[in-house]
Every structure is written in C-alpha cells, then in structure tokens.
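This report describes a protein model through its pockets, its aromatic rings and selected residues. The sequence and structure are shown first.

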Amino acid sequence: MELAGSFSSTTVDGQFAPPPHPPKRQSPLVSIETEHSDTINDIQLDYYGKRLATCSSDRTLRVYDVSQTFAVSNRDSHESLTAANSRDHVQQPTPLHLLQHVVRLADDSVAPIHRVAWAHPKFGAVLALAAQDGKVYIYREELVQQGAAGTANVTEWRLKHVHEFHSLAVLSVAWAPYEYGLSLASASADGQVSFLTRMREGWVITSSFRNSEEGMGCTAVSWAPYNSLGSHGPHGPIQRVVTGSCNQAITIWRIVSVPEEGETSGSCYWEIENTPLYGHNDWVRDVAWAPNVGLPANVIASGSDDHTVRVWTQNEAGGEWSSHAVHTFCAPVYRISWSLTGSVLSVAAGDDEVTVWKQQKNREWTRISSVTGQGAATISSN
C-alpha cells in the first residue's frame, strides 16, 4: 500500500479532520464472484485465515478456499521485477479462491441469514448461522470419501442441530472461548440471549437471560476472553459476555453458579456485572470485546446507528468503565472487529467503506487505512 500522508488526530467529540488529499488506492488483490443472488450479510475467515464463509439473504452459506490468495500476495514483488525485465512476459491469471461448498437452508425456510461464525478448530469445522426465522443452524463439515494419493478428501457440510429458542430474528451469534467447551451465545430481536452447549447427550440450552426490562431487541453479543481481567474468581473461571441493544445500552453479564446440596455443580443464572453503559444515542448495532494479548485492561468497542464508534476501558477488575469516542462517521456503524492482538480496530459503516484504526500514545485514535470497492489505501504510517 502506498503512504498517502498523515491523518489529523485533532478531535472534537471524536471527530477527525479529513486528510488534505484523497489517498491513492491500491487495486484489490482479488475479487470473489460469490454467485449469491441477494445481499451478503456477513463474511468470516476461519481461525487459520484459509477459508472464507459468506451468508446471504438468498438463504445460502458459501465456503471458499482462499489460502492461495496470501501465497500469491507474497510472490507479487518478485513477479513484478520479473515482468519488468521481460518484454515478452505475459502474466497468466492465477485462481486465488475456490468455491468449496454451497449450503442451502431447509426448503421450508425462507429466512435470510444474518450472521455466520466459525467455532474454534479444536472442535472441527463447525459453523453457526443466525437467521431471520428466529433459528440458529449449526453445520459441521464431515468426511464423505477419503481422497486417493494426490487428490483431496471429499467433504460436505451437514446440519447437526437447529436451535429454536427465539421467537424473533436472531441478529448475532458468538462462540465462547474454547476453554469453555463448544458453547454458542445467540442474541435476538425478541430481547433474549440464549446459550447452547454441546454435551454428551447432544446440544443443550444451558441458560438464557432477557437483556433489558423493556424487552427491546438485543442486537449483538460478544464473549470476554478466557484470561481477561477479572475472569477468574476463587472458584474458577467466570464466564462473561457483553451485549448491545436497541435501548442504546452496552451491558456486561457474568454467569453465577448455584451448587445444589451435595453436588459440585447445579443451576446457574446470568447477572449484570455493572450498571449498563450509556454513551450512544441510538441503537447499538455491534459490540466486540478485545483480545487481551498483553493488555492490562478490559477493552470493549461498540458501534451504533448514531454514526459513532466508542471504546470502553476498565483498568481494574470491578472498577469503573471509561468511554472514548473513536470517530463520528457519515453513516450508521454496522460491524466492528479487533485484530488478534487487540490493538487495531476495523469498522464497517453504511458508507461502503471499511476503515482501520489504531490508538496512539496520547490515547487518541488514528485512522491508518481504509478499504472500498475501488481498493485499499494507507492513511497514516503512525
């Protein structure tokens, strides 16, 4: 990517001045013709970044092998030099992705798929789909035929379970840290969050809670990392999630176990760990708890229909949360995502642009790059 000048970090209520010159954009490394026939609502790379899952309002899930994309990217500079030194060089197009599977929901379902989520590879290739019909569909990739020498195995995605707890659209799904087992949180427009866990006897609804007393829709859910600040108590790990809602609040929940007499385990319920956090003045569309690799604090990002992204920080277990506005965008913010180290934040808003942000030493957030349909650009080298 080409350096295109520095992005001003002067802020007033989180707003940034535009760069002095429009950044020069680099063409996309690859464009994938997904063959979806309706809006693509979510895309997710797997744990290793080698496969891409897409879901759409056309009721299909599609899985692509994109491992060659990165291999070709690493060869770009060498091939460019070779081409420059060879007049008769003709570069042949290289396939950078391969559509592996197309999975359609049951024939009796006409529901768009809102979200897709990969489980940790410890549990195999498992995907959860959040659908408009109030159901969560769980698929697992299974071996159909062992490949002969030099040929790949034949696999297919098989429906393993349909979670039918919710009465309205499921808007968000999130797998728990693998240390908690194969457990899935689902947030719904009916205002409830449910938890589904794979047990020996099958898939079991282990707990649920209503996100707000008003019963307003719950739009997003995200798990606290296993080793996050305050995640371990005298009796072991403490499971926590953060939710976003139509009531403009961000709420942090923790699970409380109630042992039965003579037993080591019993019933459990979820309680609010702190008073709900308010900083947005419209629906909260997404929340994301940052990975805690080297972070001495809890950090949560939230995006809202009020066009803003806020970052919430807790510096000691049980302490107060502080809020900082990252930026005010030109459109509602629909998706936010942290890097693996929790130091870089990507934001997808309704202006057809994905921007990438990093916090500087002065605690201000600086936009370091952006991606549109026309390509990518580096905004700041800081």
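## The second largest pocket

The second largest pocket has a volume of about 690 Å³. A pocket here is an open set of points on a 1 Å grid over the protein atoms alone, with protein on both sides within 12 Å along at least five of seven lines, and its lining residues have an atom within 4 Å of a point. Grid points are joined across faces, edges and corners, and the volume is the space filled by probe spheres set on the points. Of the 24 lining residues, Pro237, Ile238, Gln239, Ile255 and Ser257 are the closest to the centre of this pocket. Two or more lining residues come from each of strand E13 (192–199), strand E14 (202–210), strand E17 (236–237), strand E19 (249–259) and strand E20 (266–272).

The lining of the second largest pocket comprises 11 nonpolar, 10 polar and 3 charged residues. In this division Ala, Val, Leu, Ile, Met, Phe, Trp, Tyr, Cys and Pro count as nonpolar, Asp, Glu, Lys and Arg as charged, and the others, Gly among them, as polar.

## Basis of the model and overall make-up

The model is predicted: local features need pLDDT of at least 70 and side-chain atom pairs count only at pLDDT 80 or more, whereas totals for chains, interfaces and linings use all residues. Residues are numbered from 1 along each chain as its sequence is written, and side-chain values use heavy atoms, with hydrogens and water left out.

The protein has 1 helix and 30 strands, assigned as DSSP runs (helices H or I, at least four residues; strands E, at least two) and numbered from the N terminus. Of its 382 residues, 45% are buried; buried means under 20% relative accessible area, exposed over 50%, and partly exposed in between (1.4 Å probe, protein chains only). Among contacts (heavy atoms within 4.5 Å) with a separation of 6 or more, 50% join residues 24 or more positions apart. The protein exposes about 19900 Å², of which carbon and sulfur atoms supply 49%, by the Shrake-Rupley method with a 1.4 Å probe.

## Aromatic pairs

The count of aromatic pairs comes to 14. Rings of Phe, Tyr and Trp (its six-membered ring) pair if their centres lie within 6.5 Å; planes under 30 degrees apart count as stacked, over 60 as edge-to-face and the rest as tilted. Phe195 and Phe209 form a tilted pair, 6.0 Å centre to centre with 40° between the planes. This pair links strand E13, which holds Phe195, to strand E14, which holds Phe209, 14 residues apart. Both Phe195 and Phe209 are buried.

Phe195 also pairs with Trp270: the ring centres are 4.4 Å apart and the planes lie at 15°, so this pair is stacked. Trp270 belongs to strand E20, 75 residues from Phe195 in strand E13, and Trp270 is likewise buried. Ring pairs join Tyr180, Phe195, Phe209, Trp223, Tyr226, Trp253 and Trp270 into a cluster.

## Selected residues

Most residues other than glycine have a negative phi. His307, however, has a positive phi near 80°. His307 is in the loop between strand E23 (298–304) and strand E24 (308–314) and is partly exposed, with a relative accessible area of 25%. Asp352 also has a positive phi, near 65°, in the loop between strand E27 (344–349) and strand E28 (354–359). Asp352 is exposed, at 67% relative accessible area.

His327 lies in strand E25 (residues 321–328) and is buried, with a relative accessible area of 12%. His327 and Glu364 are 37 residues apart in sequence and 10.0 Å apart in space, C-alpha to C-alpha.

How values were computed:
1 Å grid on protein atoms, 1.4 Å probe; cavity = no way out; pocket = protein on both sides within 12 Å on 5 of 7 lines; lining within 4 Å.
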